[in-house]
Amino acid sequence: MPVSFAVAGNPFTVTAQRLTADGATQFAAFRQDATGHDHAVAVVGIREARISGLCQSAVAHTPLGAATLVVRSDADRPVRAHDMVIDLSEVTGDMTFESVEMGRDAATLNRSGVAGPTGTYAQQARTLTITDMRLEAWSLTAGMFSLSDASLSVERGEQPCP
């Protein structure tokens, strides 16, 4: 799912109790924001994902102060996504890869539908599980992203997901 757009000037935060993915790929790249600044990212492609306990937050700095947009999903009903691409700057959590291939050329990736430039280091796995996940991302695109019993709120100040 190739997508090209200028990213926002600040990354956003996503936390989850657990992410389970079928078909995952990763390689390094750069994304440009609307002011022309380049940001180093890990491009992560995921064919199918289930995400439990999702919280997404983005802080906006306005002339009246900071405000945080927060989206949460029901922890008992996982978010479902397919053909997802995340441009992230950092991810932490307990990670398990099954059938992993490290050192693969990014142009030959075939697990998620996302490939990178020839000659670029990449890795892919048949499955990926991350528990206690926290990531900072510049963008996320998906063919489908479905949240059950979700809530969206705007909070005064900087209130990122815990």
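Begin by selecting A60, which is partly exposed with a relative accessible area of 37%; here buried means under 20%, exposed over 50%, and partly exposed in between (1.4 Å probe, protein chains only). This is a predicted model, in which local features need pLDDT of at least 70 and side-chain atom pairs count only at pLDDT 80 or more, while totals for chains, interfaces and linings use all residues. Residues are numbered from 1 along each chain as its sequence is written, and side-chain values use heavy atoms, with hydrogens and water left out.

A60 belongs to strand β3 (residues 55-62); helices (H or I, at least four residues) and strands (E, at least two) are DSSP runs, numbered from the N terminus.

Next, select N10, in the segment before β1. N10 is partly exposed, at a relative accessible area of 42%. A distance drawn from its C-alpha atom to that of G157, 147 residues apart along the chain, gives 15 Å.

**Salt bridges**

Side chains of opposite charge can pair when their charged atoms come close. A salt bridge is taken as a side-chain nitrogen of Lys or Arg within 4 Å of a carboxyl oxygen of Asp or Glu, and by this rule the count comes to five.

Select D87 and R31, whose closest N and O atoms are 2.7 Å apart in a salt bridge. This pair links distant parts of the chain, with D87 in strand β5 and R31 in strand β1, 56 residues apart. D87 counts as buried because its relative accessibility is 5%, whereas R31 is partly exposed at 24%.

Move to D83 and R47, which meet in a salt bridge of 3.8 Å, N to O. Here too distant parts of the chain are linked: D83 is in strand β5 and R47 in strand β2, 36 residues apart. D83 is partly exposed, with a relative accessible area of 28%, and R47 counts as partly exposed at 33%.

A further stop is R104 with E101, a salt bridge whose closest N and O atoms are 2.4 Å apart. R104 is partly exposed at 22%, and E101 is partly exposed at 29%.

**Strand β5 and its surface patch**

Select M95, F97, V100, M102 and Y121, which form a nonpolar surface patch with about 470 Å² of accessible area together. Strand β5 (residues 79-105) supplies the largest share of the patch, four residues. V100, found in strand β5, is partly exposed at 38%.

S99 also lies in strand β5. Its phi is near 55°, a positive value in a residue other than glycine, and S99 is partly exposed at 39%. For another positive phi, go to D132 in strand β6, where the angle is about 50° although the residue is not a glycine. D132 is exposed, with a relative accessible area of 58%.

**The largest pocket**

Finally, select V44, I46, I86, L88 and L135, which lie nearest the centre of the largest pocket among its 30 lining residues. The elements giving two or more residues to this lining are β1 (12-32), β2 (38-52), β5 and β6 (121-141). β6 contributes the most, with eight residues.

Conventions
Patch = residues over 30% accessible without salt bridge, like charges linked within 9 Å, V, L, I, M, F, W, Y side chains within 5 Å. Areas by Shrake-Rupley, 256 points an atom, 1.4 Å probe, with all protein chains shown as cover. 1 Å grid on protein atoms, 1.4 Å probe; cavity = no way out; pocket = protein on both sides within 12 Å on 5 of 7 lines; lining within 4 Å.
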